[in-house]
Amino acid sequence: MKAIVGGNVIDGLGLDPIQDGVVLIDEDRIVAVGSAKTTPVPRGAETIDAVGCHVLPGIIDCHLHCTYRSRDVRQHLLNSPTYNVLRSTQIIEETIACGVTTARDMGGADAGFRQAIEDGLIAGPRLQISIAMISQTGGHGDYWVPAGMRIPKRTWLPDGVADGVEGIRKLVRQFLMAGADFIKICSTGGITSVTDSWDEPQFTMEEIKCAVDEAAAKKRPVAVHAEGILGIRTALEAGVHSIEHGWFIDEECIDRMIKQSTWWVPTLALVPLSIEHRQKDPNWGKQQLGQEEQKDQEIYRKMKEEQFPIWREAVRRGVKIAMGTDQSHRLLVGENLVELRFMVDFLGMSPMEAIVSATSNAANCIGRPDLGELSPGKIADVLVVDGDPLDDISILEDRNRLKLIMKQGKTYKNIV
């Protein structure tokens, strides 16, 4: 039995913090949560002193890429697949080291990564995997370059390019057979693409609906990469589970997302932080095909001028929002919790609402209601943070303030 005592407990559900709280943990489960006055610590329990700290659930990142490829395309072509796999273990450990105990990998990790973490071969968050992103020919996930060749990002994965309803059906079945927890498909281009634009629609409604139906037969959801409005509308018409990015939603989309209970994973920090990196280092990302500063500047300008009020209206009206970062080899590795500050600044969320989006809401988004809460019976993923994130959400970005990181009752970090 372990007892975390003396801290202020944020349960992940949005309730007021429990002052001078107690969290009791037996093996991998939480067995009791309450104030010190009402929750006695059993004799012989291992006590963890959290006085002056806040205790909250482990963070769930609903959108990341935890496997490696070099930003320099030339170097990438010189790396062996084994080298890239081994470099991925560093990314995975950096992810849990910043407080992320569960994550949805949006393309890059196969079942071997998930199993290696479960078996304790490498340290990292528990993973849900999609295998690879499904794209149409010439779409966001088709890594064709004008030289007339395709450059696979991660050569250990099957090809994610398909066309037509039957092509989609076969590929979705292949990914489900390989152990995918969910399916990811593109309904627009992307800012990192070489052959398309972020605002162009991709795949027909019938093609995306085929993916939704095939996944549903295995009780699996479909997440959709969608940046521009036309592709967002197509994805919603097809009945997808979650919209990833979804930056250019409109009032009609908000209505439909509420009606259909569609999740939105907005990945807000991605573009402004890319711009910030280039301002600090002009050479940052220069070898990254498709990622141009002009693209980022244009889309960020449009966000600020057109979308901020619509995003805040989505929050006000109750669109279901879960935190995701789009962490990848090139950005946000080990900095995932910066996304919470952008959710406060751009969406107008309170710090508590942002934390809920990354805990209990995120757990519901990924179909894991046993996670994301400090409540009896839930899995014991726990953080102890020096300071008050409800007063300043940005303290969660400082890994020096993370005094305890616990995943499933096992301590990854403890400097309390």
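Guide: A salt bridge here is a side-chain nitrogen of Lys or Arg within 4 Å of a carboxyl oxygen of Asp or Glu. Note that this is a predicted model.

Visitor: Which residues are linked in a network of salt bridges?
Guide: The network joins E166, R169, R173 and E214. E214 is also one of the buried residues of helix α5.

Visitor: How many salt bridges does a search of the whole structure find?
Guide: The search finds 22. One of them is between the side chains of R317 and D255, at 2.7 Å from N to O. That pair links distant parts of the chain, with R317 in helix α9 and D255 in helix α7 (residues 251–260), 62 residues apart.

Visitor: What does the side chain of R278 meet in a salt bridge?
Guide: The side chain of D296, at 2.8 Å from N to O.

Visitor: Change of topic: the nonpolar core. Which residues have the most contacts inside the largest one?
Guide: I249, W264 and W311, in a core of 95 residues. Helix α9 (residues 293–317) gives the largest share of this core, eight residues.

Visitor: What is W311 in contact with, leaving aside neighbours within four places in sequence?
Guide: W247, I249, W264, L268, M303, F346 and L347. Apart from that core lies another, of 15 residues, and V9, V23, V55 and L404 are among them.

Visitor: Back to α5. What should its span be, at 1.5 Å a residue?
Guide: Helix α5 (residues 205–217) has 13 residues and should span 18 Å; the end C-alpha atoms are 18 Å apart, which agrees. The expected figure is 1.5 Å times one less than the number of residues.

Visitor: Which residues in it are buried, and what covers them?
Guide: The buried ones in α5 are E207, I208, C210, A211, V212, E214 and A215. Their cover includes α4 (164–177), β12 (183–186), β13 (222–226) and α6 (229–237). After α5 comes K219, with a positive phi near 60°.

Visitor: Now strands. What is the order in the open sheet of three?
Guide: The order is β6-β7-β8, with parallel pairing. β6 (59–64) and β8 (126–129) are at the edges with a single partner strand each, so one side of each has no neighbour in the sheet. From one strand to the next, the twist averages 15°.

Visitor: How many bridges pair β6 with β7?
Guide: Four, in the parallel sense, with β7 covering residues 100–105. I60 has T102 of β7 as its bridge partner.

Visitor: Last one: where does R87 lie?
Guide: In helix α2 (residues 81–97). R87 is partly exposed, with a relative accessible area of 28%. Between R87 and Q174 there are 87 residues of sequence separation and 27 Å in space, C-alpha to C-alpha.

Note on methods. Residues numbered from 1 in each chain as written. Predicted model: local features only at pLDDT ≥ 70, side-chain atom pairs only at ≥ 80, totals over all residues. Heavy atoms only, no water. Pairing = 2+ DSSP bridges. Helix = DSSP H or I, 4+ residues; strand = E, 2+ residues; numbered from the N terminus. Axes fitted to C-alpha atoms, helices over the stretch in contact; angles between N-to-C directions. Buried < 20%, exposed > 50% of the residue type's maximum accessible area, 1.4 Å probe, protein only. Contact = heavy atoms within 4.5 Å. Core = buried A, V, L, I, M, F, W, Y, C linked by side-chain atoms within 4.5 Å.
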